[in-house]
Structures are given as structure tokens and as C-alpha cells.
Amino acid sequence: MQNYKFARTHRLLKADEFSSVFLFRKVRHGTYLKIYFKPNELNNSRLGQVVSKKVHKRANKRNYMKRVIRELFRLNQANWKSYDIVIRPQKYFVQEDFSLIQDEFARLTKIFLK
RNA sequence: AGAUUAGUCCAGGCAAUCGCGUGAAGUUAUCUUUACGAGGAAAGUCCGGGCACCUCAGGAUAAUGACGCUGGGUAACUCCCAGGUACUGUAUUUAUAAUAAAUAUAGUAACGGAAAGUGGCGCAGAAAAUAUACCGCCAGGGCAACCUGGUAAGGGUGAAAAGGUGCGGUAAGAGCGCACCGCACUACCAGUGAUGGUAGUGGCAGGCAAAACCCCGUCAGGUGCAAGACCAAAUAGGUGAUCAUGUGUAAUCCUGCACAUCUAUGAUCACGGGUAGGUUGCUUGAGCCAGCUAGUAAUAUCUGGCCUAGAUGAAUGAUUGCUACGGAAUUUUAAAAUUCUUAUACAAAACCCGGCUUAUUCGACUAAUCUUCCC
RNA sequence: GCACCCAUAGCUCAGUUGGAUAGAGUGUCAGUUUCCGAAGCUGAAGGUCACAAGUUCGAUUCUUGUUGGGUGCG
């Protein structure tokens, strides 16, 4: 059975948890996304996102990007080993670019697969 | 019917799959069921409040800041409604050489005071506010150049030059006199008032700017939910108690013992402050909807009904189907039918309200003006 | 979320009781100097004073509204 949940245990919540991922210094780059990652000892992966105001000025556009990325994480994370991940969008994207984002996300997260 | 301008309204609906937040119930320690889940601007943070804490016994004044026609509304306002005045646009009418006046209508106004005071108005110009006299005009003197006096009509400068037009008057001129217009003052009438009307008096007070300082009047204490309240780990330090060790002091001086007090270190226990973190503040409120009554209106009273987001690395997404309104094309006298297309713009609550400002797709409605067609 | 600040030449900054031509340094370009270059000297170009309205005879300056950039408060 696939588990597509995205509960509170699947998120990074504290500032310490974010900075520990950044300090681990493992990064994968794409044109739209930049993924920091670090293995953890839990039973599932955890996601955090950083979308800066430089990407786009309007809050609803930034929230849309976060939702799209969260959706991709939710659908894929069950097949992964346990990692703490921080995703930083580098470039503004809209609904027409969805397939591009999907491809890039799959390419960058190949190494997490079991 | 179309166009333009101004204002108001709307911001689709139903369903499926995988997911998210909060509440409730049940199972229980992570699942199930169910209900609800973003705007007209949630935005900008530009004003006004509620609420909370701080200062003060309580208040007032000063300083500083904001506001400024009148009346009303409101919890309050720099907001809203109604009215006045001024200005601008349009139309009509009247008179005319230009143009002016009246009426209607639409819009705009930081619309108290410049005879309370201080300062400013570059260049040009004689002179920029105490008035003054370059050219000119007139009178007198002088052979003449020019000098003395009168004058402010005309010329010239400037954004702006000390009422305007006409007639009289005069040496030439001048509100010097008169008529009309403007202005100021007084009286009466109308109005709650801003103000308006009528009559009389005055020959004219006197430039612009207060979005220069300022004066007058009114209002405002400060800080913002990261306010504030509660719980409270680790580390460090504080206070108290007990125990242990050590040192010093006093009782005339020295030594020893005992006791007291002080101080230091360590251990244990307790206490309070307080950081991380958590809980609360947090959503029933100047609330929304409908109706009656009062009022020109803003709005208010009363009656009935309703409960409608509370996240915190921050909840509404992804994929898809049907369809309303709309747009385009074709058929058609029209109604209507078929096909295609769009199904979206601006934009995301962060303590809560009232406004203002700005952004905004497709449309709908109302009012005014203009154009065309028909009766 | 709340409270604030700034915008002038390619760059760094002056310039405010409102006055017409907006300056300085540096950089750029041209000339001069030198055998050549650097430094020096002389000259020139380069500005929507962020944008839009208003007040005023006149606005970089005063007022209001936008846009962009930045700071502080846990």
C-alpha cells in the first residue's frame, strides 16, 4: 500500500533542524530548484521549504510554488530512504511550467530512491 | 440602438480521486466518521478607534504634532451625508464690437487669519509695498542744453504695478465729481448656521504667497498582540537552610582548647527571577441578514433570524468531468438551434473593527451628455 | 506582523528659508607631455534630479499618492 500522507511528522519545524541540514552541505542544483539534504534516523523523510521574496514579490505566488513542491514531495517520498530535505526554489514558475518542474524534481531526487 | 463619462453591483455552480488545517464524536495512541475552512480589496500601513501594558494620587498647562466654510451622522476620524461660497466644463436665454450676465446641470476645492508680527517676491523695471517717477503730458524760467513745479491718462518691464467702463471736469490730470459694476462698513429682513436679499453710507480701505515662519480655534500622554498573562528544561549566577573543609577576628598580650560571629570553597535540598520552548490572548463582534418606523440623506431605534477561518517554516492544492452567464462563427425573418472558445483578473487572513488610497478579467444595472434611425 | 529611512552623471556623494545654467571627486573620450607608457596638465561629453498629480508666476527643494531599494524590533 502506498502512503501519500503529509502529516506534521513529515515537516521540518524548528530553526535548528533547518540549519543542521544547511550545515551538512550536500546540495543538488536544477534550473528551478536547489535541494539541500541530510540522512536522518526516522522512519520517514521530512521536508522544509525556503522561498525568498526575491523569487517573487507576491505572497500568493510564493504560496502556490510551495504547494506544488509539497505535492511532488508527498507523492514521491514513500519510495525514498529517510532524509531531511530543504528545497529552495531559484526561479519563479507558473502553472504552465508544471511538467518541467515535475521532470526536474524526479531527476534531482533519483539518488533518494530505495 | 451605439459611443463617452461618472457611480453601484458581481467575483460562477455541481461532482470525482489523492491530500491539508481546525472543531466535535468514536476508537484509542493513530486511525475512522462528520461539520466548517481566505477578500472586495485580505494589499499599501495612510488615518481613526477598541483592547493591552507603561508613566502619574488625580488632573491641567507648556512643548510638539495634526486638523480648519456651516449643520448633521458616528465609538471616533483627515471619513460619510446635506447645505453654502468660489472656480472650471457643458447647454439654454438675454444683451454685445470683443464678451458679460442669468438659469439649469456635471465636476473640483489643504474654502480660518496677510489692517497681530517677522521675513520673501531672482532677472527685468523708475518703483515689488515705506510707495515712487525713466519716457511722456502740462505750467513757469532759460538763446539753448536744461532747470523748477504739477500729474499718474498714455508708453515700457514683469507672473503680478494701488479699483474697472463711460461721461463730466482740468493748464495737464486725478474718485476730483456723477452713472453702472466691483469693494468695505452700517441697519433691517430670511435662515439653527455658513450665508443670502434689500436699503443706506464711504470715494476705496488696498498686491501675491500661510503647501514661508507664524497667530487664532479644536483635538491628541506613550508604546503596539513581537502588547500582555500563565507554565517552565539545560547552563550560569542570586537568596536561604544543613553538612564538611579551611582561614581570619574579638574578649589586655602570647600559646592551647572550647564556644560565638564573619568570610571562602565544595556537596545536598529548597526558593524566587528568567532564556529556549509551550499554553493563552484568538475570535460573539461598534457582527451579519431581513423587515417596520423616523429622517432629504448619511444613519438610528425596534422586531425576527443566523453563528460564518483561526494557521504559526504558516492550512484552500494537483488532476479531471458536466454545466450557468458571457464572447465568436454558422443556419435563420425573428425566436431559437449547432459548433468552437473562455471558465479567468487583481490578489492570500496573521488581535479585531470603521474609513481612505491603490490594483483589477468577463459582464450587469443606474444617471447625464452626444450621434443615428423609427413613430 | 509592527516601526522607520533612502532614491541626484557609469560609480561615490554635495546641493533645501523655492529663482531658472543642478555641482565635486572618480571613471569615459579627445588633446598635450614622452622614444613609448604611467603620472601630470588642458578641454569635452555624460542628468526625464525614481514616477504621477497638486500648491506656486516659477518645484531637485513644499504637499499628496505610487514604484523600487534598505534598516530595526523575536
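Is Arg-28 buried, exposed or partly exposed, and how many other C-beta atoms lie within 10 Å?

Figure 1. Residues are numbered from 1 along each chain as its sequence is written, while chains are lettered from A and ligands numbered from 1 in the order in which they are written. Because this is a predicted model, local features need pLDDT of at least 70 and side-chain atom pairs count only at pLDDT 80 or more, whereas totals for chains, interfaces and linings use all residues. The pLDDT, which is the predictor's confidence in each residue on a scale from 0 to 100, averages 77 over chain A, and 94% of the residues score at least 70. The model scores ipTM 0.73 and pTM 0.73. Chain A holds three helices and four strands, where helices (H or I, at least four residues) and strands (E, at least two) are DSSP runs numbered from the N terminus. Along the sequence these elements follow the pattern α-β-β-β-α-β-α. The C-alpha atoms fill a box of roughly 35 × 30 × 25 Å, taken along the principal axes. A compact globule of 114 residues would have a radius of gyration near 13 Å, and chain A agrees with this, having 13 Å; the radius is taken over C-alpha atoms, and the globule rule is 2.2 Å times the number of residues to the power 0.38.

**Figure 2. Arg-28 in strand 1.** Arg-28 is partly exposed, with 17 other C-beta atoms within 10 Å. In these legends a residue is buried if 20 or more other C-beta atoms lie within 10 Å of its own, exposed if 12 or fewer, and partly exposed in between, with the C-beta atoms placed from the backbone. Not counting residues up to four places away in sequence, Arg-28 touches Ile-35 and Leu-108, where a contact requires the C-beta atoms, placed from the backbone, to lie within 7 Å. Arg-28 and Leu-108 are 80 residues apart along the chain, yet their C-alpha atoms are separated by 6.5 Å.

**Figure 3. Strand 1 beside strand 2.** Strand 1 (residues 27-29) and strand 2 (residues 33-39) run antiparallel and are joined by three bridges; two strands pair if DSSP finds at least two bridges between them. A hairpin of three residues leads from strand 1 to strand 2. Within this pairing, Val-27 has Tyr-36 of strand 2 as its bridge partner.

**Figure 4. Strand 4 and its two pairings, with strand 2 and with strand 3.** Strand 2 runs antiparallel to strand 4 and is joined to it by seven bridges, and here Lys-34 has Arg-88 as its bridge partner, while Ile-35 stands opposite Ile-87.

**Figure 5. Phe-37 in strand 2.** Phe-37 is buried, with 21 other C-beta atoms within 10 Å. Leaving aside residues up to four places away in sequence, Phe-37 touches Lys-26, Tyr-83, Asp-84 and Ile-85. The C-alpha atoms of Phe-37 and Ile-87 are separated by 8.6 Å, although these residues are 50 residues apart along the chain.

**Figure 6. Helix 2 and what covers it.** Helix 2 (residues 59-76) has 18 residues, which at 1.5 Å a residue should span 26 Å, and its end C-alpha atoms are 26 Å apart, which agrees; the expected span is 1.5 Å times one less than the number of residues. Its buried residues are Met-65, Ile-69, Leu-72 and Phe-73. Seen down the helix axis, these buried residues fall within an arc of 100°, so they line one face of helix 2, the arc being that of the directions from the helix axis to the C-beta atoms. An α-helix has 3.6 residues a turn, so residues three or four places apart point the same way. The face turned away from the buried side carries the exposed residues Ala-59, Asn-60, Asn-63 and Arg-67. What covers the buried residues of helix 2 includes strand 3 (46-49), strand 4 (83-89) and helix 3 (98-108).

Technical notes:
Contact = placed C-beta atoms within 7 Å.
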